[in-house]
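Please open the model in your viewer and follow the stops below in order. Each stop names a selection and then describes what is found there.

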Amino acid sequence: MSISNRLDRAFAQAPVLPLNKCSKYALVSDCHRGVGTSSDNFLKNQHLYFAAMEHYYRNGFTYIELGDGEELWENRCMHNITDIHSDVYEMFEKFERRSRLYLIYGNHNIVMKKSPAYQEGIILYAKEKPERSLYLTHGHQASLLNSVFWPLARFLVRYVWSPLENMGVLDPTSAAKNYAVKEKCEGSLEHWAADRRHILITGHTHRPVLSEDIGYYCNTGSCVHPRCITCIEIECGKMTLVKWSMNARPDSILYVEREVISGPAELL
């Protein structure tokens, strides 16, 4: 199955949510929540993530996670992750009770495709301007290894690259860690989006992308950047790429800061 066919399949039976000027969505990807060990890349940014989640909950946003929420290639058991990061899943329950939670699976939590709570893709449909509808998925479909042969990729990560990473050796097959793989993956995603004339929003490569004119391809970035998390906000018919990071006031009191990276860009 080709890249185009894999992406087409992701949206063939995808849930369709409304997109209009009253819509408020927070698009977040690649949290890679682990089990609290030194290889849990989410740990260093969990305070930033939780501050952002509280903000989006208080302000009426619907939370959509675009895949790789859980790190289930390095770790075997979901319940170990939910135990360690129970505050996150309690926040999920709060969003869910208000019907404001949607989860997409990626390659690192692809086993969650068996759960009815997870989707491969979601469409945000703009009834007044259908050409401005948004197609959300993780983006691993652009990689044969990560989508079709994912059991092999998981084996390599779990038993080869993860141990080597602790010694400073980066995974050469990872779109997040290998520049050439990243470029190829993003090129394939952008080609599909332009060919279908869809606005595609993904994660997977961990590189945030949002142009001022909102091109065919956008990317939320990730929650495992060295000192920040990034995500895309949709509000008042506009899209904004934002960064959440630590900052200090003049009196040296630390606080979590929301900073606009790109936008707001007119969507509707």
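Helices here are DSSP runs of H or I that span at least four residues, numbered from the N terminus. The model is a predicted one.

Along the principal axes, the C-alpha atoms fill a box of roughly 55 × 50 × 35 Å. Of the 268 residues, 50% count as buried.

Now display the aromatic side chains, among which the structure holds 11 pairs. Select Y57 and F95, whose ring centres are 5.3 Å apart with planes at 75 degrees, so this pair is edge-to-face. The pair connects distant parts of the chain, with Y57 in helix 2 (residues 46–58) and F95 in helix 4 (residues 86–97), 38 residues apart. Both Y57 and F95 are buried.

Remain on helix 4 and select Y89 and F92, which both lie in this helix, three residues apart, about one turn. Their ring centres are 5.4 Å apart and their planes stand at 80 degrees, so this pair is edge-to-face. Y89 and F92 are both buried.

Finally, select F42, Y49, Y57, Y63, Y89, F92 and F95 together: ring pairs link these residues into a cluster.

Technical notes
Residues are numbered from 1 along each chain as its sequence is written. This is a predicted model: local features need pLDDT of at least 70, side-chain atom pairs count only at pLDDT 80 or more; totals for chains, interfaces and linings use all residues. Side-chain values use heavy atoms; hydrogens and water are left out. Buried means under 20% relative accessible area, exposed over 50%, partly exposed in between (1.4 Å probe, protein chains only). Rings of Phe, Tyr and Trp (its six-membered ring) pair if their centres lie within 6.5 Å; planes under 30 degrees apart count as stacked, over 60 as edge-to-face and the rest as tilted. Helices (H or I, at least four residues) and strands (E, at least two) are DSSP runs, numbered from the N terminus.
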